[in-house]
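Hi everyone, thanks for coming. Have a look at the structure on the screen while I get going.

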Amino acid sequence: MSVSSPSSFTKYLKVPFWAQILAGLVLGVLLGWLARSQDISWLVTTLEKVGDTFIGLLKLAVAPLVFFAILVSITNLRKVNNAARLASRTLLWFMITSLIAVAIGLVIGLVTNPGSGTGLTPADGAKPEHTGSWIDFLTGIVPTDVITPFTELNVLQIVFMAAVAGIAALQLGEKAQPILNLSESILELLQKALWWVIRLAPLGTVGLIGKAIATYGWDLIGKYATFTADIYVGCAIVMFVVYPTLLATVAKASPLQFFKGAWPAIQLAFVSRSSVGTMPLTQKVTERLGVPKEYASFAVPFGATTKMDGCAAIYPAIAAIFVAQIFDIQLGVGDYLLIAFVSVVGSAATAGLTGATVMLTLTLSTLGLPMEGVGLLLAIDPILDMMRTATNVAGQVVAPLIVSAREGILDRDKFNSVASAPVDAEERQAVPVAA
């Protein structure tokens with residue numbers, strides 16, 4: 001027995017990570033259906049606890065991971081030639097792809113009318129406890145103390161403090177080196193621990209998917225069928241049409257190679273519904289695709305907290321149209337332009353965590369739409385969030401690839417050979433390192 005157990009575990013590790021995720025997905029659907037159809041309460045509770053525990057473990061590392069990843073990434077820019085140019089080009093491509101994504105969301109929403117024929121009424125909605133506004137967004141960036149952002153998981157404030165600390169460290173130069181060495185060590189420690197959590201993703205998938213099916217069943221998806229399809233189709237167009245087109249035309253890079261290299265991170269994002277939780281793996285696949293480590297260590301953490309084509313572009317665009325139709329409010333051209341503006345400028349409000357409620361409330365408040373509309377979408381949100389987050393993470397890899405290719409720093413040989421060594425196999429021995 002003592003010999004067979006390690007052997008079984010070794011065989012499990014040799015199963016590709018995508019296959020483990022897929023198996024967890026199928027098992028979760030089956031267990032969720034069984035729990036709901038047979039009204040097995042203990043199975044529903046078990047699935048919920050497994051899923052919540054997995055997400056809780058991911059969130060446990062979020063605050064310190066974001067702080068040290070942003071701090072180290074900013075200081076790593078000193079190792080990169082034309083750092084200011086790379087940073088500005090990264091931000092530019094974040095904005096370009098966000099504009100494309102929100103335009104696709106608006107077109108899909110206008111063509112399909114997702115709020116029509118649902119049977120939902122304004123009475124079905126409910127105001128959220130917390131809403132987002134531009135005043136809250138702008139004033140909420142600067143923390144009132146250094147502890148609260150970590151205890152309340154205010155990622156935007158953590159990013160602000162980390163950016164200030166990183167810039168200060170750059171100004172101090174050699175005097176700050178001991179702090180930077182400590183920060184890099186802490187970041188490696190956090191990423192190592194987070195990788196152990198990532199290896200639990202197949203089990204987490206069983207709980208998360210099973211809970212969704214057991215709690216909501218297929219009836220909920222049926223009621224929101226058009227809206228759900230709009231989000232998935234919009235995200236799929238961005239991920240499988242827009243990104244490959246940009247890679248092929250702008251970066252002169254093979255979309256197939258991109259998906260071979262980036263797929264493990266996209267899979268994990270789909271299951272975990274957390275861009276920040278996926279960040280170490282996102283950085284690893286970005287580096288393996290030929291993006292220089294020094295630049296990737298800046299672009300990926302920056303993207304994980306601000307680059308949200310799924311949550312902050314496609315979703316609020318379609319959701320705003322959906323809410324307006326439920327409440328029988330007509331939107332004009334000016335409103336659609338406002339949606340695009342909010343999507344590009346306010347995407348940092350989503351902060352890479354599960355759910356996009358803050359971004360939705362920010363969009364609705366900007367348009368003057370009823371906040372009760374948020375309550376209409378909360379039940380279906382977990383199902384939507386999987387595809388949204390997968391799209392977010394795919395975009396967080398695409399943008400650095402495009403910038404690297406255009407700046408002539410992309411390792412083409414590395415990019416073209418990425419499929420020869422699967423990421424999940426390599427990750428069993430090593431964990432992604434930011435510097």
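This is a predicted model: local features need pLDDT of at least 70, side-chain atom pairs count only at pLDDT 80 or more; totals for chains, interfaces and linings use all residues.

Residues are numbered from 1 along each chain as its sequence is written, and side-chain values use heavy atoms, leaving out hydrogens and water.

Let's start with helix α11, residues 225-249; helices here are DSSP runs of H or I, at least four residues, numbered from the N terminus. There's a kink of about 30° in α11, centred on Val 238, where the bend is the angle between axes fitted to the seven residues ending there and the seven starting there.

So what does Phe 227 pair with? Its partner is Phe 322, at 4.8 Å centre to centre and 45° between the planes, a tilted pair. Rings of Phe, Tyr and Trp (its six-membered ring) pair with centres within 6.5 Å; under 30 degrees is stacked, over 60 edge-to-face, the rest tilted. Phe 227 sits in α11 and Phe 322 in α15, 95 residues apart.

Now the packing. Tyr 295 and Ala 299 are among the α14 residues that meet α19, where Gln 396 is one of the partners; contact means heavy atoms within 4.5 Å.

Terms used
Helices (H or I, at least four residues) and strands (E, at least two) are DSSP runs, numbered from the N terminus. The expected span of a helix is 1.5 Å times one less than its number of residues.
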